[in-house]
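Here are my notes on the model you sent over. Have a look at the coordinates first, then read on.

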Amino acid sequence: MSEPSKNDEETNYDWLEPAEGWHVLHLFYQIDRTQWSMFGEDEQLSAKTELTRLIQEIRSTENTQLLTFSMVTPKADIGFMLLTPDLHTANAFEKRLTAALGPDILVPCYSYLSITETGEYMTSPEEYGANTLVGERGMDADSEEYRAALSEFATHMEKYRHDKLYPNMPDWPVFCFYSMAKRRGEVHNWYALDFDTRKKLMAGHGRVGRQWAGKIRQLITG
C-alpha cells in the first residue's frame, strides 16, 4: 500500500491506496418493493433524484468511475461497479449508494471488493524477442529491425499494463460479472500445473479473446 498522508486538512483519515492499480467494488441490490410502495409519488421522485445526484457526484470525483446496471434475473435488480484509488472513498460512496433511495429500499444481495491487476502471465520483452522475433520471424538479435520491433512491443505492453491497472471503462449496454475460481471439483486445480504450462494455456486463451477486440472489454481484478 502507498504511504499514508501526513497533512491532510480535508479529511480525518489516512489514505489507503494500492501501490499500483485501483480498488474495484461491485455492488448488487434488490429493491424492497413493499417499502418502495409506501412512498408517495413525490417521495419516490425525490429519492430517484437523490440517487441520480449522487451518481453524478461520484462520477465527478477525481480518478473515480461508477457504472450502473439493471440486472437480468431476480438475483438482483440494480448493480454498480465503482473504481477509485482510495479505499476510504470506496467505502463512503458504498454506504451512500446503499442509503440513496431511503432506508431499507436497496437491499444488498452480493458484493465483491478487488483491485485491478496486470496478470502474472504477461509476455516479457526478453521472451518476445527470443520466441517471436528470433524464433518465429527469424530476426537477427543485433539488427536495427530487431531493436525497433522490440521497442514497439515494449511501448505496446506499457500501454496494455497501464490500461489494466487504470482502466477507462466504457458505458456499454451489456455487463457480465463473475467471480472466477480455478479449482474444478476436488482434483482439478489450475495451480497444480507448473507455471510454464499455465502460461502457455493462457496465451491460447488470449489469442481467442483478441478475436473480440473492440466488441468486448475485459477487466480482471484480484
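Predicted model: local features only at pLDDT ≥ 70, side-chain atom pairs only at ≥ 80, totals over all residues.

1. Ground rules. Numbering starts from 1 along each chain as its sequence is written, and side-chain values use heavy atoms, with hydrogens and water left out.

2. The core. A nonpolar core here is a set of buried Ala, Val, Leu, Ile, Met, Phe, Trp, Tyr and Cys residues joined through side-chain atoms within 4.5 Å. Buried means under 20% relative accessible area, exposed over 50%, and partly exposed in between (1.4 Å probe, protein chains only). The largest core has 20 residues, and Phe80 and Leu97 touch the most other members. Strand β1, helix α2, strand β3 (78-84) and helix α3 (87-99) each supply at least two residues of this core, with α2 giving the largest share, five residues. Helices (H or I, at least four residues) and strands (E, at least two) are DSSP runs, numbered from the N terminus.

3. Leu97 up close. Beyond its neighbours within four places in sequence, Leu97 is in contact (heavy atoms within 4.5 Å) with Leu27, Tyr29, Leu51, Leu54, Ile58, Leu66, Phe80 and Leu106. As background, nonpolar side chains tend to be buried together in soluble globular proteins.

4. His23 sits in strand β1 (residues 23-31) and counts as buried because its relative accessibility is 5%. Its side chain reaches the backbone oxygen of Leu16 at 3.2 Å. Met38, in the loop between α1 (33-37) and α2 (41-59), counts as exposed at 61%. Met38 and Pro74 are 36 residues apart in sequence and 21 Å apart in space, C-alpha to C-alpha.

5. Cysteines. Don't go looking for disulfides (cysteine sulfur atoms within 2.5 Å): the structure holds zero. Cys109 is partly exposed at 34% relative accessibility, whereas Cys176 counts as exposed at 66%.

6. Rings. There are 11 aromatic pairs. Rings of Phe, Tyr and Trp (its six-membered ring) pair if their centres lie within 6.5 Å; planes under 30 degrees apart count as stacked, over 60 as edge-to-face and the rest as tilted. Tyr110 and Phe177 have ring centres 6.3 Å apart and planes at 50 degrees, so the pair is tilted. This pair links distant parts of the chain, from Tyr110 in strand β4 (residues 106-115) to Phe177 in the loop between α5 (144-165) and β5 (183-184), 67 residues apart. Ring pairs also join Phe28, Tyr110, Tyr112 and Phe177 into a cluster.

7. Another ring pair. Tyr121 and Trp190 have centres 6.2 Å apart and planes at 90 degrees, so they are edge-to-face. Tyr121 counts as buried at 15% relative accessibility, and Trp190 counts as buried at 17%.

8. Helix α6. Asp194 caps the N-terminal end of α6, with a side-chain oxygen 3.2 Å from the backbone nitrogen of Asp196.

Key: Polar contact = N/O pair within 3.5 Å; in protein donor to acceptor, adjacent residues only side chain to side chain.
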